[in-house]
Amino acid sequence: MHTDRGKFQHFLVFLLPTLLIYGTFIIYPIFSTLFNSFFHWTGLTAQKQFIGLDNYATLFSDPSFGQSVINNLWVIVCSVLVQIPLGLVMALIVGQAKRRTALYKVLYFIPYLMSTVAIGLTWGFLYDPMIGPINQVLRDLGINTMNLLWLGDKKTALISVLIVVVWNFAPFYMILFNASLSTISEDYYEAASIDGATVWQQFRAITLPLLIPSIVSAVTLSIVGSLKTFDLFFVMTRGGPGSATELMGTYMYKQGFSYFKMGYASSVAFTMFFVAVLSIVIVKFVQRKTMKEGAY
């Protein structure tokens, strides 16, 4: 009995630094944000005025916030339906490359290793309507109607940034799926080949089912990452033109650090946290249900 208690005490001693760091930088900010969301507070002084749920009432009636939510949903859709499948395709290509596999991995992974600020500035130059290479190529081809204000037009701004987001983050999912593919035994494919299964049939019957846990993990990471997306959009468009590329993250930043509505910004931040947690719970529920059905 005393031995078990001693082991538990030693366990707590080693765990305490981690708990302190986690509590200081994760738990405390969450509750602090929730607390501040009930106040009118500029963030410049210690003076706060309690206003209850007024910040949330204002938030959910603000059309700009509504547009930011819609834009975040588009980021999620793009991430789940484009980024993840593209990452899977890249992983399959790398897996089939018997030679120079390491070289292909490095080349594909370079966009993810780059600084997002550098990526935003570089693509901002590429999209420049006057001196940007994209419009210059279109002009050389005689396609003058395509001489667009890519980031300055409400019709094209969001999709222009989403292209950069996909280019930047697809390599991460490539590495994730490549690691999962390496765990699948070659015996399955050899047996399927002997039975006359085509490459597509092998992918549908062997590869895809065995990748379901990795796909669910990728979807979870994709949703959470999409909800907290900030840097690329802020560097490239600042949420403009108008609110065409406004996200919850850029909206929160503007309210807190441009307009000094720190209490209101806290309500935005906690809403983002709540949506992220809810999304994770839903994805995990779907994952468990899928696993149970697969077991039968």
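The lining of the second largest pocket has, by class, 9 nonpolar, 7 polar and 3 charged residues, where Ala, Val, Leu, Ile, Met, Phe, Trp, Tyr, Cys and Pro count as nonpolar, Asp, Glu, Lys and Arg as charged, and the others, Gly among them, as polar. This is a predicted model, in which local features need pLDDT of at least 70 and side-chain atom pairs count only at pLDDT 80 or more, while totals for chains, interfaces and linings use all residues. Residues are numbered from 1 along each chain as its sequence is written, and side-chain values use heavy atoms, with hydrogens and water left out.

The second largest pocket has a volume of about 610 Å³, and of the 19 residues that line it, Leu92, Gly95, Gln96, Glu186 and Tyr189 lie nearest its centre. A pocket here is an open set of points on a 1 Å grid over the protein atoms alone, where a 1.4 Å probe fits and protein lies on both sides within 12 Å along at least five of seven lines, and a lining residue has an atom within 4 Å of a point. Grid points are joined across faces, edges and corners, and the volume is the space filled by probe spheres set on the points. At least two lining residues come from each of α3, α4 (101-113), α7, α8 (186-194) and α9 (199-210), and α3 gives the most, with 6 residues. The helices are DSSP runs (H or I, at least four residues), numbered from the N terminus.

The largest pocket has a volume of about 800 Å³. Its lining holds 33 residues, of which Val224, Gly225, Leu227, Lys228 and Thr229 are the closest to its centre. Two or more lining residues are given by each of α1 (2-36), α3 (63-96), α7 (157-181), α10 (212-227), α12 (248-258) and α13 (262-295). By class, this lining has 22 nonpolar, 9 polar and 2 charged residues.

Helix α4 supplies the largest share of the patch, 5 residues, whereas Trp167 is found in helix α7. Trp167 is partly exposed, with a relative accessible area of 34%, a class that lies between buried (under 20%) and exposed (over 50%).

The backbone also has some places to look at. Most residues other than glycine have a negative phi, and most peptide bonds are trans. In the loop between α11 (231-236) and α12 lies Pro241, which a cis peptide bond with omega of about -5° joins to Gly240. Arg238 has its place in the loop between α11 and α12, and its phi is positive, near 55°. Phe260, in the loop between α12 and α13, has a positive phi of about 55°. Arg238 is partly exposed at 46% relative accessible area, and Phe260 is partly exposed at 38%.

The structure holds 1 salt bridge, that is, a side-chain nitrogen of Lys or Arg within 4 Å of a carboxyl oxygen of Asp or Glu. The side chains of Glu246 and Lys254 meet in it at 3.1 Å, N to O, and both Glu246 and Lys254 are buried.

Key:
Buried < 20%, exposed > 50% of the residue type's maximum accessible area, 1.4 Å probe, protein only.
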